[in-house]
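Morning, everyone. I have one structure to walk through today.

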Amino acid sequence: MDMPNTKAHYLYQNGKEVYKFATRALPEAVTKACEKLEMQPDELDAIVPHQANIRIIETAAKNLSVPMHKFPMYIDRYGNTSSASIPIAFCEAVKEGRICKGDMVCFVGFGGGLTYGAVIFEY
């Protein structure tokens, strides 16, 4: 007689697969948003990503050919605050003068259900 999986009711995240997904989704979302405005990702003044993991963002920045200084990072201060990481990072970057009036800014997020999206706006 087979014993039932006693841990079947727990959530499980395959970190390796999530990493692969996020490192593809983040650049894809930024690129598609830029295409709609007929611009290149390196023309953005700032890209404010969901801050789940610094390695994901570093890999995405490399894949976009955008320097890391354009990615305001605050995961070291706040940790992974889920969807709140984008507005938190934006507010901190504005407060520090890293994002200024007239800057072209991209918010990009990925998360639950392996969904993702991006928006670009002039601050």
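Start with the pocket. Helix 1 gives the most to the lining of the largest pocket, with 5 residues. Keep in mind that this is a predicted model. Strand 2 also supplies at least two residues of that lining. In total, 17 residues line the largest pocket. Nearest its centre lie Gln13, Val18, Ala52, Phe110 and Gly111. The space inside comes to about 380 Å³. What is the lining made of, by class? It has 7 nonpolar, 9 polar and 1 charged residues.

Now helix 1 itself. It runs over residues 15–36. That is 22 residues, spanning 31 Å from first C-alpha to last. After the helix comes Glu38, with a positive phi near 55°.

Which residues of helix 1 are buried? Among them are Phe21, Ala25, Leu26, Val30 and Cys34. The buried residues of helix 1 pack against strand 1, helix 2, strand 2 and strand 3.

The largest nonpolar core has 23 residues. Val30, Leu44, Ile47 and Phe71 touch the most other members. Helix 1, helix 2 and strand 2 each supply at least two residues of this core. Helix 1 gives the most here too, with 8 residues.

Look at Val30. Beyond its neighbours within four places in sequence, Val30 contacts Pro41, Leu44, Ile47, Leu64, Cys106, Val108 and Ala118.

Last item. There is a second, separate core of 9 residues, including Tyr74, Ile86, Ala93 and Val105.

Terms used. Residues are numbered from 1 along each chain as its sequence is written. This is a predicted model: local features need pLDDT of at least 70, side-chain atom pairs count only at pLDDT 80 or more; totals for chains, interfaces and linings use all residues. Side-chain values use heavy atoms; hydrogens and water are left out. A nonpolar core is a set of buried Ala, Val, Leu, Ile, Met, Phe, Trp, Tyr and Cys residues joined through side-chain atoms within 4.5 Å. Buried means under 20% relative accessible area, exposed over 50%, partly exposed in between (1.4 Å probe, protein chains only). Helices (H or I, at least four residues) and strands (E, at least two) are DSSP runs, numbered from the N terminus. Contact means heavy atoms within 4.5 Å. The expected span of a helix is 1.5 Å times one less than its number of residues. On a 1 Å grid over the protein atoms alone, a cavity is a set of points where a 1.4 Å probe fits but cannot get out, and a pocket is an open set with protein on both sides within 12 Å along at least five of seven lines; lining residues have an atom within 4 Å of a point. Grid points are joined across faces, edges and corners, and a volume is the space filled by probe spheres set on the points. Ala, Val, Leu, Ile, Met, Phe, Trp, Tyr, Cys and Pro count as nonpolar, Asp, Glu, Lys and Arg as charged, and the others, Gly among them, as polar.
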